[in-house]
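User: I'd like to go through this one with you before I set anything up. Can you walk me through the fold?
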Amino acid sequence: MKHLFSLAFMLAAAALCFGQMPARARIDVDGNSKLVGLTNFSVSKGSIRFATWMKPEQNLRFITGDIDIEKNKWTQVSITFTPLATGDVSLQFKGNYWKKNAEDKNISPVPVYYDDVTATGAVIVNGGFEEMDEEKGEPKGWYKGGSEASWFGVPPVVNTDAAFVKSGKQSIRAWHNAVFSHYIKVTANTPVTVSAWVYMNDKE
Ligand SMILES: [Ca+2]
């Protein structure tokens, strides 16, 4: 009996990793361009850590937040950090990706929608994504990241489908490889909290 229970538990644990699409937003903060180190960080719900894939000193200027959300409903999330220097940091709004099972070599995009981004300790411009830079085809103050090859057919886009807009007429859709970035000015030792509304449509 104990054996059966362990097996069921292991299967359930495996299902969490691979079988179900994770309902998660991801927001990263990068202070590397102006050498702004980051400390005292947290997210509303989920996990946050320093980067591990750059040089050690660069990792200490880059935090990556995996934030739990609910499917098919708007969830307000937040990420808090304290900059160790005055300068600019880049906020990177992403989503996740997943693999159907451990052997799956391909990643599948898990896009999420963001709207109504606000902050304390810093100023967000055009956090509702309503104003467009018509020349670039991007929301004013926001920058698309990645390249067509990395988007796997799911590019970062400005969304106008009202089903996925929190307020106004537009939101953005992003995932791990299809990022929207926004630069904010930060002040040494002044904590910053960035809040955003996120929606994951589990039919996408
Ligand atoms: Ca909006």
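User: Let's start with E1 and E4: how many bridges join them, and in which sense do they run?
Analyst: Strand E1, residues 24-30, and strand E4, residues 62-68, are joined by seven bridges and run antiparallel. Please keep in mind throughout that this is a predicted model.
User: Noted. Which residue is the bridge partner of valine 29 in E4?
Analyst: The bridge partner of valine 29 is isoleucine 63, which belongs to E4.
User: And what's the order of the strands in the sheet that holds E1?
Analyst: That sheet is an open one of six strands in the order E3-E4-E1-E6-E15-E12, and its pairing is antiparallel. The edge strands are E3, covering residues 46-50, and E12, covering 143-144, each of which pairs on one side only.
User: What holds paired strands together, in general?
Analyst: Strands of a sheet pair through backbone hydrogen bonds, and the arrangement can be parallel or antiparallel.
User: Switching to the sheet with E16, what's the order there?
Analyst: Six strands form that open sheet, in the order E2-E5-E16-E9-E14-E13, with antiparallel pairing. Its edges are strand E2, residues 38-43, and strand E13, residues 157-159, which each pair on one side only. From one strand to the next, the twist averages 35°.
User: How is E16 tied to its partners, say E5 and E9?
Analyst: On the E5 side, seven bridges join residues 75-83 of that strand to E16, and the two run antiparallel; within this sheet, threonine 80 stands opposite threonine 193 of E16. Strand E9, residues 112-120, pairs with E16, residues 192-199, over six bridges, again in the antiparallel sense, and alanine 119 stands opposite valine 194 in E16.
User: Why is E16 described as largely enclosed?
Analyst: Six of its eight residues are buried, so E16 is largely enclosed by the rest of the structure.
User: What percentage of the whole chain counts as buried?
Analyst: Of the 204 residues in the chain, 32% count as buried.
User: How many helices and strands are there overall?
Analyst: The chain has three helices and 16 strands.
User: Last one: what share of the contacts join residues at least 24 apart?
Analyst: If you take the contacts in the chain between residues at least 6 apart in sequence, 72% of them join residues that are at least 24 apart.

Notes:
Residues numbered from 1 in each chain as written. Predicted model: local features only at pLDDT ≥ 70, side-chain atom pairs only at ≥ 80, totals over all residues. Pairing = 2+ DSSP bridges. Helix = DSSP H or I, 4+ residues; strand = E, 2+ residues; numbered from the N terminus. Axes fitted to C-alpha atoms, helices over the stretch in contact; angles between N-to-C directions. Buried ≥ 20, exposed ≤ 12 C-beta atoms within 10 Å, placed from the backbone. Contact = placed C-beta atoms within 7 Å.
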